[in-house]
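Here's a quick look at how two chains meet. Have the structure open while you read.

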Number of protein chains: 2
Amino acid sequence: MDLVTFDEFKKLDLRIGKVISVENHPQADKLYIIKIDVGTEVKQSVAGLKPYFTPEQLINKTVAVVANLQPAMLRGMESQVMMLAASAGSEVVLLTPEKPIPAGSKIS
Amino acid sequence: MDLVTFDEFKKLDLRIGKVISVENHPQADKLYIIKIDVGTEVKQSVAGLKPYFTPEQLINKTVAVVANLQPAMLRGMESQVMMLAASAGSEVVLLTPEKPIPAGSKIS
């Protein structure tokens, strides 16, 4: 991949979010509608995590999110924020802070 | 902050790295020289983590890194990769995968 400058990296609003609700997407088998407290407000994520996590495994979890992505419509639902996860083969693993830290905490 | 597009986000090579060594920076009190296995190779990070972590707290840890930042010289030592950490007040917390996953695993 090409190199990115530190200024390009800094454009991203990476921060800690807390999952506050998880619902099935009404029109897509693999998607959840996830509400995430990002500190300043609650934002919605449409995420393809249903094959990997139950709602109970996600709720109340603190996760790393990209909070300033341009909103996108996914099967008719707006996604405003993206949870970061690592993947290897068929495995998907969330990125979480090693110790508790408040929602809204900046990541850099 | 301004919104970023998904294409801008995708320029970043975010992945899982494993810390393999931690040494004091020879010319800076607060900086460590950290060698990180990013899957394809071992890269060096110059990071201001010394006030927050002992070397023992970092070694063998799997962390989230930006693997394609333009290298920068920090007090005469080259930093090629950046570990992601969340901060709140005077607290700094690393971002780690919730479950073990190999170094080099892509984050998205």
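A salt bridge here is a side-chain nitrogen of Lys or Arg within 4 Å of a carboxyl oxygen of Asp or Glu. By that rule, chain B and chain A share four salt bridges. One of them joins Glu8(B) to Lys11(A), with the closest N and O atoms 3.4 Å apart.

This is a predicted model, where local features need pLDDT of at least 70, side-chain atom pairs count only at pLDDT 80 or more, and totals for chains, interfaces and linings use all residues. Residues are numbered from 1 along each chain as its sequence is written, chains are lettered from A in the order in which they are written, and side-chain values use heavy atoms, leaving out hydrogens and water.

## Size of the interface

Counting contact as heavy atoms within 4.5 Å, chain A puts in 44 residues and chain B also 44. Between them they bury about 3,700 Å², with 66% of it on carbon and sulfur atoms; that's accessible area (1.4 Å probe) lost on being put together, summed over both parts. On the chain B side, Met1(B), Val4(B) and Glu98(B) lose the most area to chain A, together 17% of what that side buries.

## Strand to strand

Strands are DSSP E runs of at least two residues, numbered from the N terminus, and two of them pair if DSSP finds at least two bridges between them. Strand β9 of chain A (residues 91-97) pairs with β9(B) in the antiparallel sense, over three bridges. Within β9(B), Pro97(B) is the bridge partner of Leu95(A).

Note on methods:
Buried area = accessible area lost by both parts, 1.4 Å probe. Helix = DSSP H or I, 4+ residues; strand = E, 2+ residues; numbered from the N terminus.
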